[in-house]
Amino acid sequence: MHAPAPRRKPTVAALVRIAVLALLAAFAVVGLGAGPALAEEGNVAWTVRTASNSYGADRSSFSYSVNPGGRVEDTMVVANRGTAPLNLAVYAADGFTTGTGQLDLITKDKKSIGIGVWVHANPGTIAIKPGESADVPFTVTVPDNAMPGDYVGGIVTSLTQPNDAEGINVERRLGIRVKLRVSGEIKPNLAIEDLHVDYAGSLNPFAKGTATVTYTIHNTGNAILSAQQTVSVSGPFGWLRTEASGIAAPPELLPGESWKVTSTVHGVSPALRLAATATLTPRLTDASGSTTSRKQVQATTHSWALPWMLVLLVVVLIAVIVVTPVLVRRSRARRKLREDARVQEAVEQALRNKQETQPS
């Protein structure tokens, strides 16, 4: 009997392939429209969608409001659109916001603490023939001690296929977002942290410059929040105020998440001492989908904005004003010394000439 061939180490191409597939899976989880999400490659293709039931029809995602200790039962529909039989694993995972502002799900090897623990599919694996579909019932069981607030994750169908050419296994995921609000006191709150401003002027001492304002938005509450934001820069006493234009809204942030913001403000006057102010208007979406604005959050920081070329010109001018009289006095003193020496020499020469002309 021959020994099994050793698995080869993944190549760069294989790692790139995994990254691309992971991005496609993330898009399938969060890029949901009114129709079903589709995963397709070769003769393997399947879709997932929400079932039509008492919770509604044509839902783009699963959304519930549950009391601590409560339980929800719902169904996901999986259809095999390919030409080969499908054997899919079904599981839940917690969600997070990526660096591009999209919702993704943590991988199966990472530990969930919310949706990924509370959502259970029955069965955990399904086999579907080509052209057929299957209902996948699942339950959401909220612990009695669950903290009030918003939780986001997804219920995922997963297909793991070996890539013999690369010697690795590739997981393809397709799922539907699950948003859960645990009843209780909702405390929506955003904080502005690490606010900083830098000023960059130009060689023209009288021209305006650019201020770069950076800060971090931190969701310190227990509800999912979006926000409208403005950034402005002004001089002393609020004079010469300039506001940033075209600043993009941050993505919806899950409780505990942070988002870094960099805003460039053009046309800022070099007013010696600048004040940069960031203002957030948090926006809360309730269970019915209605969005309301919350109390504004504001933070201000200061920085110097010295027009260095103008400062240099002033220093040079002051130096000229101070040094010129000194140089003039020194020049006059030198001229006086030369004149005194010339007069002294002329007197001495006259005395010598007089002595020479007197008879012995």
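**Exercise 1.** Determine how the residues lining the largest pocket divide into nonpolar, polar and charged.

*Solution.* Ala, Val, Leu, Ile, Met, Phe, Trp, Tyr, Cys and Pro count as nonpolar, Asp, Glu, Lys and Arg as charged, and the others, Gly among them, as polar. The lining then divides into 6 nonpolar, 6 polar and 3 charged residues. In total 15 residues line this pocket, and Leu 103, Val 152, Arg 177, Ile 224 and Glu 252 lie nearest its centre.

The model is predicted: local features need pLDDT of at least 70, side-chain atom pairs count only at pLDDT 80 or more, and totals for chains, interfaces and linings use all residues. Residues are numbered from 1 along each chain as its sequence is written, and side-chain values use heavy atoms, with hydrogens and water left out.

**Exercise 2.** Identify the residues with the most contacts inside the largest nonpolar core, and the contacts of Leu 180.

*Solution.* A nonpolar core joins buried (under 20% relative accessible area, 1.4 Å probe, protein chains only) Ala, Val, Leu, Ile, Met, Phe, Trp, Tyr and Cys residues through side-chain atoms within 4.5 Å. The largest has 33 residues, and Trp 46, Tyr 64, Met 76, Val 78 and Leu 180 have the most contacts inside it. Beyond its neighbours within four places in sequence, Leu 180 contacts (heavy atoms within 4.5 Å) residues including Tyr 64, Ile 115, Trp 118 and Asp 150.

**Exercise 3.** Find the partner of Ala 276 in S19.

*Solution.* Strands (DSSP E runs of at least two residues, numbered from the N terminus) pair if DSSP finds at least two bridges between them. S17 (residues 272-285) and S19 pair in the antiparallel sense over 9 bridges. Within S19, Thr 301 is the bridge partner of Ala 276, and Thr 301 belongs to the covered face of S19.

Terms used
Buried means under 20% relative accessible area, exposed over 50%, partly exposed in between (1.4 Å probe, protein chains only). Helices (H or I, at least four residues) and strands (E, at least two) are DSSP runs, numbered from the N terminus. On a 1 Å grid over the protein atoms alone, a cavity is a set of points where a 1.4 Å probe fits but cannot get out, and a pocket is an open set with protein on both sides within 12 Å along at least five of seven lines; lining residues have an atom within 4 Å of a point.
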